[in-house]
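Reader: Could you walk me through how to read a few features of a protein model?

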Amino acid sequence: MTKGRISKARQWAKSIKRDVHAVWLAARDPRTPWFVKVLALVVAAYAVSPVDLIPDFIPVLGYVDDIIIVPLGIMLVVRLIPPEVMNEHRETAAKATGQPVSRMAAGVFIAIWIVCAILLVRLLH
C-alpha cells in the first residue's frame, strides 16, 4: 500500500469517527426528524459499543461490521439529517476531538454489560 492510500484511509477513518459524534449530537437536536433520531441513536450507539454483531475474533468476518456496516449506517444517517444540522454538529464534533471521553457514556455501557452479565448468570442457573 502506498503512503497516499494509507493517508487517505486515515483521513476517512477520522471523518467517520467525527461523523459518529456528529450523528449522536444530531440525534438529540429538535430539528432532526424523529425517525432519523431513532436510526441515528442506534447507529451511533452501535458504532461506539464494544459489543459487535459479528465478534471480532471470527477470522475475516469479524471486522465486516467495523469496516462496512458501521460506515454504511453512518452515511445513511448523514444523508437523512438536514444538511444545516449535520454541518453544525460536524463542526462541534471536530472541536471536541481533543477533549476527554464522556464518563456518562462509559457508565451507560458498563451498566449494560453488568445487566447482561446478571441476565446470563440467571439464565444459566
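This is a predicted model: local features need pLDDT of at least 70, side-chain atom pairs count only at pLDDT 80 or more; totals for chains, interfaces and linings use all residues.

Reader: Where does Y63 lie?

Author: Y63 sits in the loop between α2 (34–48) and α3 (64–80). Its relative accessible area is 44%, so Y63 is partly exposed.

Reader: Now the aromatic rings. How many aromatic pairs does the structure hold?

Author: There is 1 aromatic pair. W34 and F35 form that pair, with 6.1 Å centre to centre and 85° between the planes.

Reader: Why is the pair called edge-to-face?

Author: Planes over 60 degrees apart count as edge-to-face, and the planes of W34 and F35 have 85° between them.

Reader: And how accessible are W34 and F35?

Author: The cut-off for exposed is over 50% relative accessible area. W34 is at 66%, so W34 counts as exposed, whereas F35 has 46% and is partly exposed.

Reader: Last one: is H89 buried or exposed?

Author: Buried means under 20% relative accessible area. H89 has 10%, so H89 is buried. In the fold, H89 belongs to helix α4 (residues 83–96).

Reader: Which residues does H89 touch?

Author: Leaving aside residues up to four places away in sequence, H89 touches A22, L25, A26, D29 and R31.

Definitions and conventions. Residues are numbered from 1 along each chain as its sequence is written. Side-chain values use heavy atoms; hydrogens and water are left out. Helices (H or I, at least four residues) and strands (E, at least two) are DSSP runs, numbered from the N terminus. Buried means under 20% relative accessible area, exposed over 50%, partly exposed in between (1.4 Å probe, protein chains only). Rings of Phe, Tyr and Trp (its six-membered ring) pair if their centres lie within 6.5 Å; planes under 30 degrees apart count as stacked, over 60 as edge-to-face and the rest as tilted. Contact means heavy atoms within 4.5 Å.
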